[in-house]
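Subject: Structure handover

Hello,

Here is the structure I promised to pass on. Please open it beside this email as you read.

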Amino acid sequence: MKFESDPTLVDFVRTEVVPEGTSFRALHENRVAVRINAEDADRLAGRFMSRFNARLIHETAVDMEVEGFDMVYIYDFSKVKDRLVVVLEARISKDDPSPPSIAKITWQASWAEREIHDLLGISPRGTPDPRKQFLPYEWPNAAESGAAPPPPEKGPSGPQEKWIPLGIAPNDAYATLIPIGPYHPGVIEGQTVYVKVEGETVVSADIKTGFHHRGIQKLIERRGYHKGVFAAERVCGICSAAHGLAYVTACENLYEAEVPDRALYLRTLLLELNRVHSHLLWIGVVADVIGWKTGFHLSWGIRERVMDIIESITGNRVNYGIWRIGGMSRDVSKELAERVLPAVKALKAEMAQLLPEIAAHSVVKSRLVGVGPLSYADAFDGGAVGPVARASNWRIDVRADNPPHAMYDPKVISWEVVTDEGCDTYGRTLVRVKELLVSSEIIIQCLEYLAKTTGDIRLEPKVIPVNSEGIGLNEAPRGELVHYVRASEFNMNLPQAYRIRTPSYRNNALIPKMLVGANLADVPVVMGSTDQCLACTDRFEVIREGGGASQSMSWGELVALGRRGRFGRV
Amino acid sequence: MVDHVFTILSIALIIPISLFLGVMYSFLIRKLSARFQWRVGPIVRMYGDLAPVIGSTRIWQPLYDILKLFGKDALIPSTAHKRLFTWSPYLSLFFSFAAVLFIPFPGLPLLSGTPYSLIIASYLLIASILFTILGPAASGSPWGAIGARREVELFLVAELSFVASLFVVAVTKGTLVISELAGFVGSIPMMLVTALAGITMFAAMLGKLHIKPFDMPEAECEIVAGPYTEYSGKLLGTYFLAKVFVLYNMVALFIAVFLPPLSSSVLWLPLYVVAALVLIFLLAVVHVLNPRYTIAKALMWYTKIIVPLVIVGFIAAFFLRVVA
Amino acid sequence: MSTHIKILKQVIQKYSSPMTLNYPSSIDKKRMYSQIPEGLRGFLERDEEKCVGCRACYMVCSGRATKIFDTADKRTVQVFHFRCTYCAHCEECCPEDAIKLTSKFELAVTDRNDPKAYVNTDLKMLSCKACNKPYLPEKMQKRVFERLSEKINPKVKGVVVEDYHKTEGFCPECKRVRGVLLDTHTKKHIWLEVV
């Protein structure tokens with residue numbers, strides 16, 4: 001299938017959406033890049049939100065070396081025109097990098113602006129929350145870093161106050177501050193949620209990420225397009241298919257892409273298998289968080305069979321490594337498709353029977369109904385995505401609005417967007433349970449197609465042009481996922497900038513909102529209900545091998561370390 | 001004189017027996033819940049060529065887990081009240097073991113013939129649980145404090161139902177000595193009242209043994225290890241050992257109070273074992289089938305369902321015994 | 001209560017067949033699930049006969065697991081399994097089809113210097129006749145020559161082969177220096193073709 005764009009869109013954008021723009025450029029596939037004056041950014045944001053009901057996908061910045069920074073604002077206009085994405089770009093100087101903040105207009109940009117400040121030192125003017133996002137709060141600012149360290153503070157104003165901007169004095173005797181994390185059994189990955197409780201009721205909460213920021217964006221920028229896909233897959237171990245697909249979609253956006261149909265079906269197949277295993281994993285995790293090990297084992301028992309199917313299709317269990325720019329690297333043979341098909345059908349029947357039973361369990365219900373409320377208005381302003389948004393009765397799904405380079409054409413594959421009116425954790429559970437059944441229906445259709453036909457799965461890769469931009473949108477199991485790639489102006493192998501905005505990045509920002517008023521026992525449930533994936537939020541880690549001192553340890557050293565007592569005795 | 005010698009001998013005998021049975025019961029709960037959860041659990045007969053490496057059976061796994069802790073350093077947090085923190089586990093173990101001596105085992109009446117042995121046994125059990133609250137409360141950790149607080153809340157309702165169900169039986173049979181319960185044969189209404197008390201006693205056991213849905217004091221995902229957060233090494237091992245004895249005590253007391261003939265003579269031993277197995281099986285099934293309640297909902301459940309039941313039982317027993 | 005009973009039924013169904021397998025003794029038992037699929041990508045194997053040391057796998061390796069070490073008389077192509085991501089990109093790109101990812105999956109070793117963690121292929125290096133520096137594996141030179149002679153325009157084949165034999169044994173640098181001396185200008189066959 002060839003991915004074409006509508007040529008009239010540039011005119012539409014020029015006349016109706018952004019008349020202030022200075023230059024307009026049609027990117028591939030209905031994406032329009034508009035260069036604007038940086039001072040207009042906040043005014044435009046307000047207008048997009050109110051008049052066009054547009055959604056901010058991401059705000060980021062690109063370092064253009066001597067020319068300054070490029071602020072990039074990506075808006076989704078798919079409710080106005082089919083698949084339209086408007087990319088606003090504004091050049092700002094490096095001497096005084098302070099464009100107007102758009103987080104004061106729409107709260108969802110606040111994490112993005114904090115991240116820009118962390119990564120590039122740009123401090124948006126008037127941003128509501130100027131704290132560090134990924135760096136520790138104690139980290140010196142760019143201006144301070146060269147100077148001598150500040151003298152240690154005296155009295156009670158220690159580092160603790162920097163960590164807890166909760167509005168309650170630490171001396172309040174009746175309120176207890178409880179740190180959930182960085183490493184807590186309820187949430188496996190590293191993040192800190194500080195909750196202030198009175199008795200067992202949460203009165204305020206705050207979240208801090210950045211415990212394993214891994215610099216994956218930089219890694220992809222330095223590895224090139226074809227190797228980058230393997231790094232992109234490793235952003236997250238659970239939704240690796242979603243990241244792989246978003247990466248190849250972004251890179252194929254850079255040029256006039258053509259992907260064979262069979263590869264598109266394969267991509268859909270993998271993405272949906274991935275969604276099934278991720279949702280099953282989530283149901284298991286929530287069952288575990290509410291203390292039901294049996295529910296955990298029931299759903300993970302089913303998930304294990306999905307993983308086996310994935311393994312026999314791709315050859316790997318977690319990071320499939322078969323995504324390629326311009327197609328796929330591995331085909332599903334007729335025999336394999338025919339063998340997998342009955343297994344998937346059996347799985348679907350079993351899920352359709354078991355999962356509603358789990359959801360209808362009286363104690364499960366008593367733990368989930370009404371917990372972690374998030375109204376539609378809060379979800380819209382906070383920029384919730386994925387099942388969290390859909391459980392607040394907001395019908396967004398990238399697969400329907402702005403599909404990635406996979407087969408989601410409603411004419412070919414019948415599927416539907418699942419929403420729920422619950423606005424709570426139980427609603428999120430129901431959305432995921434229903435999505436599991438929809439996904440397995442899509443999988444069955446894909447397998448039927450693959451068993452019937454044969455064909456190419458990959459076209460010769462084209463030369464990736466310089467000076468282009470690509471946006472890969474994809475519906476990961478947790479919600480909308482964005483990969484933004486800007487090709488270098490002179491190098492055909494390396495991108496100038498690579499940016500990833502993951503779904504958990506948006507949903508995690510909403511956790512403090514959902515937590516207020518909850519019972520302490522419900523905190524892990526609420527945190528879990530967004531299906532947070534901190535590996536996604538914090539991205540990649542590079543362990544340097546070789547170089548000076550090696551950081552890895554041999555078996556003997558590990559044993560010696562394990563046997564060493566508290567006082568260093570062996 | 002002969003009596004005294006026999007009592008001392010039987011006390012010496014009950015130590016290994018109660019430890020063995022306690023470990024067995026915890027093994028069974030682990031194994032059954034594992035199999036219900038599609039897992040393997042501690043392996044009874046080791047497979048393949050692993051037997052020479054790790055032994056031919058893992059029936060003793062719960063005991064190994066405790067013994068392992070005794071080989072580790074115990075850390076005492078600087079914020080803790082040291083004396084209370086250090087002594088609580090030992091006192092908890094002491095009281096739970098002391099309770100063993102007042103509950104009869106088939107063929108070993110032990111001290112169950114002492115006046116008021118029913119009250120003594122139940123209060124020793126309460127004291128044991130009390131020290132699992134005091135130690136954590138003295139640890140200075142917020143998790144320990146919350147765990148202890150939940151334990152107290154649960155303790156109030158579960159203990160109420162526990163003691164009240166015991167008293168229903170005591171009132172029905174007109175005695176507070178455990179060994180005398182066996183000699184009493186009641187009418188059918190009395191049996192019904194006893195059965196009702198058995199049900200409430202079972203519900204109280206769920207709370208006391210932290211069987212799901214009532215394991216919120218040690219809810220791992222919510223409050224780390226709850227009361228045991230700051231405990232490590234020997235102290236934690238002592239707590240776990242105390243739990244093993246409490247498990248044995250609860251099962252033994254249940255049988256001694258509600259199926260009294262079974263623990264009277266050594267001939268009843270096979271039936272005693274069967275009854276214990278059934279009880280453990282029921283506990284495991286409840287454990288497997290339920291998620292954890294929040295503490296508020298657990299209190300609600302006890303006060304709305306179990307406490308009224310106990311009160312009904314109490315009134316019925318009183319009516320049967322005193323009025324009729 | 002009714003859901004409790006339904007779930008109890010579900011749970012009891014699987015009582016006798018737990019999902020977890022005894023490892024390693026149940027690995028080869030035939031079961032519906034949890035067995036090693038045919039297409040599993042595991043331990044990398046390199047056919048030493050076929051490998052010519054062309055560095056294609058080194059160029060595409062995204063995890064930098066493949067490394068090339070050149071010494072005076074041999075080139076070592078190495079894959080370090082701790083870094084391998086099993087993406088099979090090298091298998092795809094190998095011009096000689098020497099690399100194959102097998103379904104062996106028990107790769108754990110306790111020491112990173114354990115030889116089991118490495119797949120090494122040693123190739124004899126050619127040293128330059130003039131400057132005595134190693135420049136190309138012997139096999140690669142042979143293979144390149146074979147491929148070249150298959151595909152080359154038959155008109156100019158004679159000259160090219162003749163030139164090839166003239167410069168055999170010189171490294172590219174020395175070859176370039178001796179171009180005039182040996183009369184091996186790279187473009188001369190174009191002239192031949194024109195005539």
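Below are notes on a sheet, a helix pair and a chain interface. Keep in mind that this is a predicted model.

The sheet in chain A

Five strands of chain A make an open sheet, ordered E1-E2-E5-E4-E3, with mixed pairing. Strand E1 (23-26) and strand E3 (55-63) of chain A are the edges, each pairing on one side only. From one strand to the next, the twist averages 20°. Strands E4 (residues 69-76) and E5 (residues 85-92) of chain A pair in the antiparallel sense, over 8 bridges. Within that pairing, A:Tyr73 has A:Leu88 in E5(A) as its bridge partner. Helix H3 (residues 110-120) of chain A packs on the sheet and touches E3 and E4 of chain A. The direction of H3 makes about 10° with that of E3(A).

The helix pair in chain B

Look next at helix H9 (residues 233-258) and helix H10 (residues 269-289) of chain B. Their axes come within 10 Å and cross at roughly 120°. H9(B) is therefore oblique to H10(B). The crossing is right-handed. H9(B) brings B:Val251, B:Phe254 and B:Ile255 to the contact; H10(B) brings B:Tyr272, B:Ala275, B:Ala276, B:Leu279 and B:Ile280. By class, that contact has 8 nonpolar residues, no polar and no charged ones.

Chain A against chain C

Here 25 residues of chain A are in contact with 23 residues of chain C. On the chain A side, helices H7 (225-233), H10 (293-314) and H11 (334-360) each give two or more residues. H10(A) supplies the largest share, 8 residues. The chain A side has 6 nonpolar, 12 polar and 7 charged residues.

Best wishes

Conventions. Residues are numbered from 1 along each chain as its sequence is written. Chains are lettered from A and ligands numbered from 1 in the order in which they are written. This is a predicted model: local features need pLDDT of at least 70, side-chain atom pairs count only at pLDDT 80 or more; totals for chains, interfaces and linings use all residues. Two residues are in contact if their C-beta atoms, placed from the backbone, lie within 7 Å. Helices (H or I, at least four residues) and strands (E, at least two) are DSSP runs, numbered from the N terminus. Ala, Val, Leu, Ile, Met, Phe, Trp, Tyr, Cys and Pro count as nonpolar, Asp, Glu, Lys and Arg as charged, and the others, Gly among them, as polar. Axes are lines fitted to C-alpha atoms, for helices over the stretch in contact, and angles run from 0 to 180 degrees between N-to-C directions. Angles under 35 degrees count as roughly parallel, over 145 as roughly antiparallel, 65 to 115 as roughly perpendicular and the rest as oblique. A crossing is left-handed if the near helix is turned anticlockwise from the far one by less than a right angle, and right-handed if clockwise. Two strands pair if DSSP finds at least two bridges between them.
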